[in-house]
Amino acid sequence: MRAFQRQRTEIAERPGAADAAAFEIDADTGAVTLLANPDFETKNSYSFTVVATDKANNSTSKALTLTIVNLECPATTIVDPVGSPTYRCSPDALGAMRSAGVDVANQANEHVDDQGSAGLLDSIRRLRAAGIAAVGSGANAASAIAPAIFDRDGWNIAVVGIGQVTSQP
């Protein structure tokens with residue numbers, strides 16, 4: 001697909017592409033963007049089909065599904081509570097998450113450092129070891145905003161994790 005010189009790129013409404021209306025695509029770059037912030041509480045997997053057409057009107061398409069979860073706590077055995085309440089989950093659960101198809105764990109949330117920086121870094125290491133990309137957290141700002149990049153049959157997918165904590169009125 002990388003050598004395929006696009007004339008037109010679109011997201012298609014096709015069977016199995018139930019989420020096509022939730023995305024927009026830049027026809028020049030092929031960048032796919034969610035139109036609104038995802039609600040990871042109710043939906044963590046999005047499916048859509050990307051169709052690219054070259055100048056000779058030849059088309060190629062790829063149905064894409066990526067499963068993302070919001071990991072609302074560090075997955076660590078380190079116990080170093082910071083603040084209250086604090087959360088953590090057992091890293092033993094990460095294998096089951098990966099087996100269930102989880103590709104990405106977003107950690108851009110208010111509980112990511114509940115077990116201190118050591119717990120955060122341990123969680124990132126354990127996620128990666130389980131084959132799950134960690135986004136939205138890191139040892140510094142640059143690593144926290146760095147995308148997880150996937151190659152699915154020649155189609156590049158980049159995921160970033162960004163969170164916002166708002167105060168309640």
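How many residues does helix 2 have, and how far does helix 2 reach from its first C-alpha to its last? The close-up views below, taken from a predicted model, begin with this helix.

**View 1. Helix 2 and its surroundings.** Helix 2 has 14 residues, and from its first C-alpha to its last it reaches 20 Å, close to the 20 Å expected at 1.5 Å a residue. The helix covers residues 116-129. Its buried residues are Gly116, Gly119, Leu120, Asp122, Ser123, Ile124 and Leu127. These buried residues pack against helix 1, strand 6 (104-106) and strand 7 (133-135). Gly131 follows helix 2 and has a positive phi, near 85 degrees. Most residues other than glycine have a negative phi.

View 2. Salt bridges link Asp122, Arg125 and Arg126 in a network. The side chain of Arg125 meets that of Asp122 at 2.7 Å, N to O. Because Arg125 and Asp122 are three residues apart in helix 2, about one helical turn separates them. Between Arg126 and Asp122, the closest N and O atoms of the salt bridge are 2.8 Å apart. Here the two residues are four places apart in helix 2, again about one turn of the helix. Asp122 is buried, with a relative accessible area of 8%. Both arginines are partly exposed: the relative accessible area is 49% for Arg125 and 24% for Arg126.

**View 3. The salt bridge between Asp103 and Arg98.** Side chains of opposite charge can pair when their charged atoms come close. Asp103 and Arg98 form a salt bridge in which the closest N and O atoms are 3.4 Å apart. Asp103 counts as buried, at 8% relative accessibility, whereas Arg98 counts as partly exposed, at 32%. The count of salt bridges in the model comes to three.

**View 4. The largest nonpolar core and contacts of Ala105.** The largest nonpolar core has 15 residues, of which Leu71, Met97, Ala105, Leu127 and Ile132 touch the most other members. Helix 1 and helix 2 are the elements that give two or more residues to this core. Helix 2 gives the most, with three residues. Leaving aside neighbours within four places in sequence, Ala105 is in contact with Val69, Leu71, Leu127, Ile132, Ala133, Ala134 and Val135. Another core, of nine residues, lies apart from the largest one; among its members are Val135, Ala148, Ile157 and Val159.

View 5. A disulfide is a covalent bond between the sulfur atoms of two cysteines. Cys73 is buried, with a relative accessible area of 12%. A search of the whole structure finds zero disulfides.

**View 6. The cis peptide bond between Ser84 and Pro85.** Most peptide bonds are trans. The bond that joins Ser84 and Pro85 is cis, with omega about -5 degrees. Pro85 is found in the loop between strand 5 (59-70) and helix 1 (94-99).

Definitions and conventions
Residues numbered from 1 in each chain as written. Predicted model: local features only at pLDDT ≥ 70, side-chain atom pairs only at ≥ 80, totals over all residues. Heavy atoms only, no water. Core = buried A, V, L, I, M, F, W, Y, C linked by side-chain atoms within 4.5 Å. Buried < 20%, exposed > 50% of the residue type's maximum accessible area, 1.4 Å probe, protein only. Contact = heavy atoms within 4.5 Å. Disulfide = S-S within 2.5 Å. Expected span 1.5 Å × (residues − 1). Salt bridge = Lys/Arg side-chain N within 4 Å of Asp/Glu carboxyl O.
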